[in-house]
Amino acid sequence: MLQYADVGIKKKMFNFIHVVLTVNCILRCKMCFNWKNKEENEIEGEHIKAAIIALHENGLLADNLSVNFGGAEALLRKDVFDLIKVAAERNLSTALCTSGYLYNEDISKKITDSGLKCIALPLDSSDPKKHNYLRGVDGVFEKAMQIIQEHPGKVALTCTISEYNIEEICKIAEWVEANDNVAQMGFQAIVSPLGINWEGAPRREWISRSEFGHLWPKDMKKVNANIDKLIKIRNNSKKIYTTEKHLNFFKDYFEDPFKICRNAKCRVGDNALTIMNKGDVVFCHDIEPLGNIREKNIIDILSGPKVLEVKRKMLDCTQVCEFYVNCFFEE
């Protein structure tokens, strides 16, 4: 019998479940190098289905829950829409995180038939050439525009702020405000690239490396002026969900990421859970997994001693990680 209070788990605690279906990708993004690492033996769909059903049946999912199916490129998984349907049939809100590059007529039909609520797409520039350059493949901008046109009201966009687009973030925001087909928009800051083995070096030192450092905004006057203008747009927006406080934090972060100090304890383990592409269940990517759904039922994993152990480590953590900067900012 699961004793929720004993292990720091409670009813309806999770409002965000992220399922990493694959770390394989067909893009060549400048801010991510997962495409260099080809993974095999990724988690079978039956284990993911069982985990979603168990979390739902045991009452661990909040009423405002979002189940995000992502990757690298989630559309590489042939069973992605079967998994989405399992969640949607239980009235769970679902999101598909994708570049959109593999989008076609068949996928369009599956989006509709599966009950998918949200298509999460990146948009790093209003200039097709620049967006395609940052994502490393020609045509990805055009596919994103096609999805926006053909699935009105389902699309949420994310813009990653970098040296390449700092002067057009407001233009992007204004375009979103004027486009009735886009449901919402978020902004995040460029962080250390994914898919890199840092060999023990602090990940925040990536900005000093020539192969990555070109992404880092150089002119702080330009950064501050454009983010301040973006805040004004945001405060009159019904679509931009990144808070004013979060956008102001980006200014401090870009000024000097090495001097950023955390003023809040990490509470990610209180409301978010990730299932990795090989079955590991994690609260935090930098701390050991709670268990693996190939080996054990997810409810048994969440009733184990690792839960409190990992949550205590997270509460003691002072690292300014990618999730703190972008995904679970709380201050």
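**Helix packing and sheet order in a predicted model**

Modeller: In β7, Ile275 is the bridge partner of Val19. This is a predicted model in which local features need pLDDT of at least 70 and side-chain atom pairs count only at pLDDT 80 or more, while totals for chains, interfaces and linings use all residues. Residues are numbered from 1 along each chain as its sequence is written, and side-chain values use heavy atoms, with hydrogens and water left out.

Biologist: What makes strand β1 and strand β7 a pair?

Modeller: Two strands pair if DSSP finds at least two bridges between them; β1 (residues 14–20) and β7 (residues 272–275) have four bridges, in the parallel sense, and therefore count as paired.

Biologist: Why are β6 and β9 at the edges?

Modeller: The open sheet has nine strands in the order β6-β5-β4-β3-β2-β1-β7-β8-β9, with mixed pairing. β6 (182–189) and β9 (291–292) each have a single partner strand, so one side of each is left without a neighbour in the sheet.

Biologist: Why are α2 and α3 called roughly parallel?

Modeller: Angles run from 0 to 180 degrees between N-to-C directions, along axes fitted to C-alpha atoms, and those under 35 degrees count as roughly parallel. The axes of α2 (residues 80–88) and α3 (residues 105–114) cross at roughly 20° and come within 9 Å, and the two helices are therefore roughly parallel to each other.

Biologist: Which residues of α2 and α3 meet?

Modeller: With contact meaning heavy atoms within 4.5 Å, Phe81, Ile84, Lys85 and Ala88 in α2 meet Ile107, Lys110, Ile111 and Ser114 in α3.

Definitions and conventions
Angles under 35 degrees count as roughly parallel, over 145 as roughly antiparallel, 65 to 115 as roughly perpendicular and the rest as oblique.
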